[in-house]
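Thanks for coming. Please have a look at the model first.

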Amino acid sequence: MCGIVTIFNYNSVDPIVRSELLRIRDHMAKRGPDGKGEWYSADSRVGMGHRRLAIIDLSESGAQPMCNEDGTIWITFNGEIYNYKELGDRLRALGHSFKSNSDTEVIIHGYEEWGIEELLKKLRGMFAFALYDSRPSSSLTASSESRSSDSSSRFTPHASRLLIARDPFGIKPLYYADDGKTIRVASQVKALLAGGKINTSPEPAGHVGFFLWGHVPEPYTLYKGIRSLPAGGYMCISDTHNSSPITYHPYYSITKIFADAEKNMVVLSKDEVRERLREALLDTVKHHLVADVPVGVFLSAGLDSGTLVGLASEMNNSRLHTVTLAFKEYVDTHNDESALSTLIADQYNTLHETIWVEKKDFRNDIEALFQAMDQPTTDGVNSYFVSKAAVKAGLKVALSGLGGDELFGSYPSFQQVPKMARLFGPFAGRPFLGRGFRVVSAPFIRHFTSPKYAGLLEYGGSYAGAYLLRRGMFMPWELQQVLDPEIVKDGWRELQSLVHLKETIEEINNDYLKIAILEMQWYMKNQLLRDTDWASMAHSLEVRVPLVDVNLLQALSQMLSVSNRPDKKDMANSPLRPLPGEVVNRGKTGFSVPVREWMMEDRGSLGERGLRGWAKYIYGEVVA
């Protein structure tokens, strides 16, 4: 887990400005306190920087930027590849030699052997990297089989190029800024800004997207000059000076995984489902424990983290370290996580710590929290404080149960969105009726209930519109109350949210799978995973998410489309010693943080439902 930066003058003969690269790199010092490195090409048109958080191969041989044997390929890499040992063994059998025991070097040799796209499909983990290839010829997709069978098509001539790539779920962030001559790539938006060469004109889609969703949706940021590389894709930047020096290539689609599963679903008995579920969960937990430092677990009173603790305890030779974040305000309420977390820890004999947080801790850390927040978001406070607690407890790596709700369907949206779409479907073909009802009712409804109800007839008749109502923060008709009307107009037109929501699920027929995809692609990717990244990196902590795993999704996808699909209780029963009944039978509460209460006490009632006032406050702090 690290911070990476690359600058490439792909359409200019000028050397890069090294001081700019170092400003970007060292803005990410907390992402990598264990080491720093830099590399520049012979012509100085390419530079790479790296801040290191050493987790695998703690020696200097694992330092980055890293190159192949003859220095023609260089990489700066953020993340972890959990199957790097298996891939390394395959590459050694094919004749590759290694100078380190790192997963970074596996990426280099894997690229040499298989080309970029086949390599990416083989990687299991969370990652974002920039790889520079200066060889006079190579192939993006060449495989060992095609090279041996047809040597004449082995290489496609090209000049040097930069490849930037991101994992299938978007666990690790990667941002880029391109001005037509130079591309700048880094792990954080604020790091790119620290370089001082970015177009900071407001991006309307980013600003509108924040108030619409409570986060800035991918690929936008608040700035016209910065974009996020989409999850499950890679970009090739070449200095061939042709008309298309930059090309984007998607290599993984969650929607396609589910569409294929729906077409090829397999009906299994409940016992077979549970057997396959345990096998798949054990497999992902085993891979996510791969490290050269101890790995702990964020333990709440929920089923996701409790299951991870139960499974990890089966394969840990030493006592597993668990950490619970608890709030004084929640003592003796249903939101208190401490008692049930301790019960789970006792059952699995973990080395357990409960870290208590009070309002004064929030007040003391609020400025640092906003500085760490890379893009404005209404979430992330919990991740920030639990990461701080984990580091205080001595951890460098922690597993999180993030992803379980999306996979096992425990959000209210799994019931509410399909119900809305069916109930209000007849109004979908009568847009003027729905719009008229909203215009007339909105001024009155907001005084006594959620303003969203005004949009039920206008939006509720489709899955896309119903999901927007369920997950949206401010509704489209409210945006002009918080932003300039021209920004709203331009941003809404650029976002095309309803169109893209529909596209996300247009290949899917199954109600459950539709919501699972929407939650993974819109909420989990754009908010939960991104917030976990910046909040944990603010404390130099690596957070791993075993329930957000390519192999796990593929193993379970066919089972999720049938009526006897595995649920949270099946997951909780997958350890040899199932979770305690008090935990399994507890109603879902979610992990809560008393942010609203803290804010209201400090500043009086913000006059908004839910987290709307918090959203306005965050926007003012982060954008300012």
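The second largest pocket holds about 700 Å³ of space. A pocket here is an open set of points on a 1 Å grid over the protein atoms alone, with protein on both sides within 12 Å along at least five of seven lines, and lining residues have an atom within 4 Å of a point. Grid points are joined across faces, edges and corners, and the volume is the space filled by probe spheres set on the points. This is a predicted model, in which local features need pLDDT of at least 70 and side-chain atom pairs count only at pLDDT 80 or more, while totals for chains, interfaces and linings use all residues. Residues are numbered from 1 along each chain as its sequence is written, and side-chain values use heavy atoms, with hydrogens and water left out.

There are 26 residues lining this second largest pocket, and Glu218, Pro230, Thr504, Gln521 and Lys525 lie nearest its centre. Two or more lining residues come from each of strand S14 (246-250), H8, H20 and H21. Helices (H or I, at least four residues) and strands (E, at least two) are DSSP runs, numbered from the N terminus.

Now H8 itself, residues 254-263. Is this helix mostly covered or mostly open? Mostly covered: seven of its ten residues are buried, where buried means under 20% relative accessible area, exposed over 50% and partly exposed in between, with a 1.4 Å probe and protein chains only. Ile254, Thr255, Ile257, Phe258, Ala259, Ala261 and Glu262 are the buried ones. Their cover includes helix H20 (497-505), helix H21 (511-537) and helix H22 (550-560). At the start of H8, a side-chain oxygen of serine 253 comes within 3.4 Å of the backbone nitrogen of threonine 255.

Next, the aromatic rings. Rings of Phe, Tyr and Trp (its six-membered ring) pair if their centres lie within 6.5 Å; planes under 30 degrees apart count as stacked, over 60 as edge-to-face and the rest as tilted. That rule gives 21 aromatic pairs. In one of them, tryptophan 39 and tyrosine 132, the ring centres are 6.0 Å apart and the planes lie at 40°, so the pair is tilted. Tryptophan 39 is in strand S2 (residues 35-40) and tyrosine 132 in strand S6 (residues 125-133), 93 residues apart.

Phenylalanine 211 lies in helix H7 (residues 204-213) and phenylalanine 474 in the loop between helix H18 (463-471) and helix H19 (485-495), so the pair ties together parts 263 residues apart in sequence. Phenylalanine 211 is buried, at 2% relative accessible area. Phenylalanine 474 counts as buried at 2% relative accessibility. The charged end of arginine 612 sits over the ring of phenylalanine 474, 4.7 Å from its centre; the rule is NZ of Lys or CZ of Arg within 6 Å of the ring centre and within 35 degrees of the ring normal.

Last, the loop residue. Tyrosine 453 lies between helix H16 (431-445) and helix H17 (456-459). With a relative accessible area of 45%, tyrosine 453 is partly exposed. Leaving aside neighbours within four places in sequence, tyrosine 453 is in contact (heavy atoms within 4.5 Å) with Phe437 and Ile445.

How values were computed: A polar contact is a pair of N or O atoms within 3.5 Å; within protein, one must be able to donate a hydrogen and the other to accept it, and residues adjacent in sequence count only if both atoms are side-chain atoms. On a 1 Å grid over the protein atoms alone, a cavity is a set of points where a 1.4 Å probe fits but cannot get out, and a pocket is an open set with protein on both sides within 12 Å along at least five of seven lines; lining residues have an atom within 4 Å of a point.
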